[in-house]
Amino acid sequence: MAVQVGRRALFQAARVQATGREKARSLAAAHSCSRQYVCFGKVSPSSRLNGHGARHYSSDPKEDLHVRHLDGEDAGIVVVGINRPKAKNSISKNLVKMMSEAVEDIKKNNKVRSVIICSLVPGIFCAGADLKERAKMHQSEVGPFVSKARALITELGNLPVPTIAAIDGAALGGGLEMALACDIRITSNTAKLGLVETKLAIIPGAGGTQRLPRVISVSLAKELIFAARVVDGTEACRLGLANHSVEQNKSGDAAYLRALELAREINPQGPIAIRMAKLAINQGIEVDLATGLAIEEACYAQVIPTKDRLEGLSAFKEKRRPHFKGE
């Protein structure tokens, strides 16, 4: 049976004590769900969501987000494409709603093996909050909206499968916070990244002050946030903010193509093992080593009874490629 770890288990696992191994084991286990995945918006056959460079543009709010499961050899890879060309992919009420629905469906679909977050708009990943929409909000609306955006980015970070941010353009403010919630970030060398909120006399409000210091050093995170500094993709990679930086191509999707390559590397691996490895790393890094080892032990216990583990052993013995089913 495929294992999907719920939010409660994720939260409680961080509190496991080293002496409570039995408790840790129970926290790592959760029930699987298999809700049918929902796609939002129409996708052009030649769009980036098919793995090509061509893009599909629209100003229709229903087209703000394109979600697609790839098929064939790429089955299990989900590409989430932001598509607000007139607003530089800024985070609006509608985009938060659509992304929240997409994340919820991905979370409940045990056939998903990895997720790529990208942009369908050239030169932009996400420019942060939609300030034009924000300016029209009553002061009483701002707090609840920010809370919803923060909850979305938290849920993105809590997805049980690997998430890859493909940053082919500017990722500023909330856009970078979205990327920071992903497991892996890949940038083009021309991309621009920064938490620039202090320029507006505010601070990052969707996890930036917490995730950036965890990704790079505390002092470097302070410097970037205090100075509202923007760095390019090459510098982001040097700082450890990005895993890879690739030279941008003529179609402007070099980071996406590299992200697709990486997703294809992840795809053949045991899906339950990947989920348990992500859980063990995410929870273990927040606690002391002894507790982290207990969490690892609990997660390891979840892969022992799986059919996939036996398939891996058989494939190794028979010198063939394993065929994992997430069972």
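Glu104, Lys107, Lys108 and Glu155 are linked in a network of salt bridges. A salt bridge is defined here as a side-chain nitrogen of Lys or Arg within 4 Å of a carboxyl oxygen of Asp or Glu. The model is predicted: local features need pLDDT of at least 70, side-chain atom pairs count only at pLDDT 80 or more, and totals for chains, interfaces and linings use all residues. Residues are numbered from 1 along each chain as its sequence is written, and side-chain values use heavy atoms, with hydrogens and water left out.

Lys107 is buried, with a relative accessible area of 10%. Glu104, at 25%, counts as partly exposed. Buried means under 20% relative accessible area, exposed means over 50%, and partly exposed lies in between (1.4 Å probe, protein chains only).

In total, the structure holds 14 salt bridges. Side chains of opposite charge can pair when their charged atoms come close. One of the bridges joins Lys278 to Asp183, with the closest N and O atoms 2.8 Å apart. This pair links distant parts of the chain: Lys278 sits in helix 11 (residues 271–284), Asp183 in the loop between helix 6 (174–180) and strand 7 (184–188), and 95 residues separate them. Lys278 is buried at 8% relative accessibility, whereas Asp183 is partly exposed at 28%.

Another bridge connects Arg214 and Glu286, whose closest N and O atoms are 3.2 Å apart. Arg214 is exposed, at 52% relative accessibility. Glu286 is partly exposed, with a relative accessible area of 45%.

The protein has 13 helices and 10 strands. Helices (H or I, at least four residues) and strands (E, at least two) are DSSP runs, numbered from the N terminus. Of the 327 residues, 49% count as buried. Among contacts with a separation of 6 or more, 70% involve residues 24 or more positions apart; a contact means heavy atoms within 4.5 Å.

The largest nonpolar core has 49 residues. Leu65, Met178, Leu193 and Leu212 have the most contacts inside this core. Helix 3 (residues 93–107) supplies its largest share, 7 residues. A second, separate core of 16 residues includes Leu70, Val79, Ala166 and Ala263. A nonpolar core is a set of buried Ala, Val, Leu, Ile, Met, Phe, Trp, Tyr and Cys residues joined through side-chain atoms within 4.5 Å.

The disulfide count is 0, the criterion being a pair of cysteine sulfur atoms within 2.5 Å. Cys126 is buried, with a relative accessible area of 0%. Cys182 is likewise buried, at 4%.

The protein exposes about 16,000 Å², and carbon and sulfur atoms supply 56% of this area. Accessible areas come from the Shrake-Rupley method with a 1.4 Å probe; for residues, only the protein chains shown count as cover. Leu131, Leu200 and Ile202 form a nonpolar surface patch with about 280 Å² of accessible area together. Patches are made of residues with over 30% relative accessible area and no salt bridge; like charges are joined within 9 Å, nonpolar side chains (Val, Leu, Ile, Met, Phe, Trp, Tyr) within 5 Å. Leu200 is found in the loop between strand 8 (192–194) and helix 7 (208–215).
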